[in-house]
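Visitor: Could you take me closely through the nonpolar core and the aromatic rings in and around it? I would like one connected account, with the cut-offs stated as you go.

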Amino acid sequence: PMTNKEINARLNGLTISNDIEPIIEVSNELTQDVVYTITETPVEPSKELSKDVSVFPTHVLPKIPKEYFESINKAQGLNIDFMATTFLTEASGLFGNSKRLEIEYGRSVQMNMYSGNVGKSGDGKTPASSIASKPFKDRDNAVVREYRDALAQYNPKGEGPMPTNKAYQVNDLTPEVRFIRMQNVERGVHQSVDELATIFEQGKKEDSSSVLLTAWSNGDVRQERASESIKDRFVFNAGYSISGGIQPQVLYNNYDNGKANGLMARFLFAFPTPKVVPRIVSRKARNEALVGSELYDGYIGGLFNDSDVKGFKWSYDSEGKIEKRPTHVYTEEAEEYFMTLTNRFKLEANHADTITSMVAVYTKMEDYRAKFSLLLHILHGEQGAEVGIKYVKMAQDLCDYYLHCHNKLFTDKSSKGNIDAIYKDRSLSRTEKVLLAHQQGYSASDMADALGVSVGTVKGERRTLRSQGKIK
């Protein structure tokens, strides 16, 4: 077990000196220990220790989306985690390559993000995502209609190039079409899917896996085919974002395949604890609770009016090389704070107690911290090119939440492995399996999923066990 001073030091990414005298004594609800000198100034230890990382940090959201999602949660019971995660990923997909943040000299990030809403069937993943993404899709659909009208009027024998589809939203597409769309929309492409399992299945294939992994990092991607009818395709600094939903068990099954793990480590998973939010019964009260839909639509419209979004094209220097100048930089204070957090989480990732599968997730969160700080800077309406420390702190709150969800998924997956082992034991009767699972704290729903029966059947078995005095 770690002492309180070691816990405090580890939480703040700091080293402690054991060979020196204590300099001050403190007494609070978290520790009765003596505080020892440390090598750096703590990173807001009081906030770090009190923060509940299992709850989505709604305070990071701009006022209009925040109030709109809260009203939807109150009136319709939809999960804020799902709506907010979709909103953030949709916005990052919209900006794509048009915004670039220099973390330090020679190193910059762009806003490619992959996210997934994790929940069982009936948890409201799809309706929550649809509400958050509707204004984005409505405006992109207008671009599709313009393209179709132009195509209908196009004369192959006439003058002028064939119309190009500049819509940035896609759903179901083949690897070949993915390249074509990324070439057509230099700013980047956003793929929105109801079921992420299709993405993870593609991620198991070498040709798709390399593209998705490289695109997340804004790398250059190339597609080459032996067929003469297919020209080699090359995309500079691929802009690509993904959002969708998936059920926990489907996600666990994909995590068992090692080839998909590198891709999944790049995903931000929103995996909230299911909560029943009572619906408002009165029609009038329910309608009054639904506030801000027009404001939210107008807010998203403002993002589309961004000059970089409307007219983004790569620029080239005199030698024909692409110019990738950053549009934003950190303030000195923000950069130093970012680096302090980077050191902290590198220590955490390499700690002996850290789950092996989480190490890759920790490394990706450094990029996400930078991407989120840039995204939040823009979403909050900041006009300057310098990103301040406030947005690095907000970004870290988001990263802490998504790290918690990842860790919860791994823990839950291990738990599900235990219950699966119980139900695969042929020496046990169904009643005995329910007894063992009940003793280990599994819910009726978990038991039903593993056994392949209804929840009612499991509850019947538990009633039998209670009548026999085997459980309370």
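Guide: Buried residues, meaning those under 20% relative accessible area with a 1.4 Å probe and protein chains only (over 50% is exposed, and in between is partly exposed), make up 45% of the 472 residues in the protein chain. The model is a predicted one, in which local features need pLDDT of at least 70 and side-chain atom pairs count only at pLDDT 80 or more, while totals for chains, interfaces and linings use all residues. Residues are numbered from 1 along each chain as its sequence is written, and side-chain values use heavy atoms, with hydrogens and water left out.

A nonpolar core is here a set of buried Ala, Val, Leu, Ile, Met, Phe, Trp, Tyr and Cys residues joined through side-chain atoms within 4.5 Å. The largest such core has 97 residues, and those with the most contacts inside it are Phe87, Leu88, Tyr114, Tyr240, Phe372 and Tyr402. Its largest share, 13 residues, comes from helix α16, residues 389-423; helices are DSSP runs of H or I with at least four residues, strands are runs of E with at least two, and both are numbered from the N terminus. A second, separate core of 11 residues includes Val434, Tyr442, Ala444 and Leu465.

Tyr402 touches, through heavy atoms within 4.5 Å, Phe56, Thr85, Leu88, Leu268, Phe269, Ala270, Met365 and Phe372, leaving aside residues up to four places away in sequence. Ring pairs also join Tyr402 into a cluster with Phe56, Trp216, Tyr368, Phe372 and Tyr401. Rings of Phe, Tyr and Trp (its six-membered ring) pair if their centres lie within 6.5 Å, and planes under 30 degrees apart count as stacked, over 60 as edge-to-face and the rest as tilted.

The whole structure holds 19 aromatic pairs. One of them, between Phe56 and Tyr401, is edge-to-face, at 5.3 Å centre to centre with 75° between the planes. This pair links distant parts of the chain, since Phe56 lies in the loop between α2 (45-50) and α3 (63-76) and Tyr401 in helix α16, 345 residues apart. Phe56 counts as buried because its relative accessibility is 5%, and Tyr401 because its value is 1%.

The rings of Tyr68 and Tyr296, by contrast, are stacked, because their centres are 4.9 Å apart and their planes at 25°. Tyr68 lies in helix α3 and Tyr296 in helix α12 (residues 293-304), so this pair ties together parts that are 228 residues apart in sequence. Both Tyr68 and Tyr296 are buried.
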